[in-house]
Amino acid sequence: MYLPTMRFVQKFHDSLDSTKIMKLIKTLIFCLLMVVPSIKPIVAEELPVWPEGAVDARIKFVREIRLDDLKLETSFLGKIGRIIGGSSEAEQLSLPFDLEMAGDKLFMVCQNLPALVEINISKNSFKLHTCKEKPFEYPVSLCVSENEIIYITDSKNGTIYQFDGKTVKPLISDSLVRPTGIATAGEKNWIYVVDTGDHSLKIFDINGIFIKQIIAGDSSENALHFPTFATADHDGNLIVNDALNYKIRRYNSLGNILSSFGEEGDSPGSFSRPKGIAVDSDGHIYVIDNMQDNLQVFDIDGRLLLVIGQRGRGLGEFWSPGGIEINNDTIYIADTFNDRIQVLAYVGETEQ
């Protein structure tokens with residue numbers, strides 16, 4: 001086929017009627033179709049909701065934050081240096097493990113990076129905070145107090161750090177073996193540290209002074225066995241992931257047990273490798289299962305309400321997820337091996 005030439009068009013210039021115009025247009029369209037590749041219409045991907053396909057969904061997918069898309073905030077000279085020499089491996093984000101919101105910033109620790117990461121979501125950028133006095137070795141978890149002091153656990157060097165918005169400083173290094181989970185709760189903003197190394201839960205005041213060890217591993221029914229993550233509910237109670245007992249335990253601020261639920265298994269309602277835990281505005285307890293690659297939602301009595309996700313790379317799917325944060329019913333999940341943060345929203349009472 002050939003495209004009509006100007007001579008062809010001029011030949012009919014004075015005598016074109018509507019029929020000839022239509023034939024000419026069809027000829028042009030046909031020729032274009034022969035030389036232009038087929039273009040498929042762009043169809044927006046339907047975002048996941050849970051329960052799946054429900055009109056009155058309780059939880060909906062909002063967005064994903066891919067670590068590769070985040071740019072390091074740096075000075076002008078720093079930018080020039082990176083243009084010339086490229087970025088350092090020590091500044092590349094990967095394997096997000098735990099996260100917390102403080103104000104409008106999202107703070108995170110990664111398995112590949114000995115630093116506290118501050119993410120500016122609106123700018124798609126990040127900063128790195130380190131400690132010169134005692135460098136991070138393997139930060140694993142963090143929490144934010146009511147006055148927006150951030151506490152970070154380092155399981156390798158046995159230290160609790162605090163970040164006041166400007167400087168990272170070591171706060172606690174005594175009395176700890178392998179600190180992992182951390183939370184603040186109660187009117188005094190006491191700091192509760194899960195020590196996986198000696199299967200215990202320890203309380204410190206806001207100055208880092210040891211108060212007491214409220215739970216220790218022993219032969220009793222409520223003894224902890226490799227506890228990992230912790231969080232506080234809206235009543236100031238503490239919720240602890242008792243990982244190798246495959247249970248979620250609730251304590252009051254003094255360490256008295258209130259309730260527990262869970263059992264070992266590989267199906268919804270049971271746990272294979274429980275990790276991050278969080279609580280929404282209605283008191284539902286969210287538990288990440290690192291081996292089942294899902295998020296399970298329970299009521300306060302341990303009744304399973306909803307299961308979100310499975311192994312995969314799609315929206316609402318996970319690959320070895322770690323921590324979870326709920327802030328004003330926006331849910332942030334560290335999708336560790338997918339190198340991203342998935343953002344969901346709780347939009348209503350979750351009932352079966």
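**Exercise 1.** Leaving aside its neighbours within four places in sequence, which residues is Thr 180 in contact with?

*Solution.* Some ground rules first. This is a predicted model, where local features need pLDDT of at least 70 and side-chain atom pairs count only at pLDDT 80 or more, while totals for chains, interfaces and linings use all residues. Residues are numbered from 1 along each chain as its sequence is written, and side-chain values use heavy atoms, with hydrogens and water left out.

- Step 1: look for contacts, meaning heavy atoms within 4.5 Å. You get Val 140, Ser 141, Thr 153, Ser 155, Val 194, Thr 196, Pro 227 and Thr 228.
- Step 2: zoom in on Thr 228, whose backbone oxygen is reached by the Thr 180 side chain at 3.1 Å.

**Exercise 2.** Work out why Thr 180 counts as buried.

*Solution.* Buried means under 20% relative accessible area, exposed over 50%, partly exposed in between (1.4 Å probe, protein chains only). Thr 180 has 10% relative accessibility, so it counts as buried.

**Exercise 3.** Describe strand 16 and its link to strand 17.

*Solution.* 

- Step 1: pair it up. Strand 17 (residues 238-242) runs antiparallel to strand 16, with 4 bridges joining them; pairing takes at least two DSSP bridges. Ala 232 sits opposite Leu 238.
- Step 2: follow the turn. The two strands make a hairpin with 5 residues between them, and Gly 236 there has a positive phi of about 85 degrees.

How values were computed: Polar contact = N/O pair within 3.5 Å; in protein donor to acceptor, adjacent residues only side chain to side chain.
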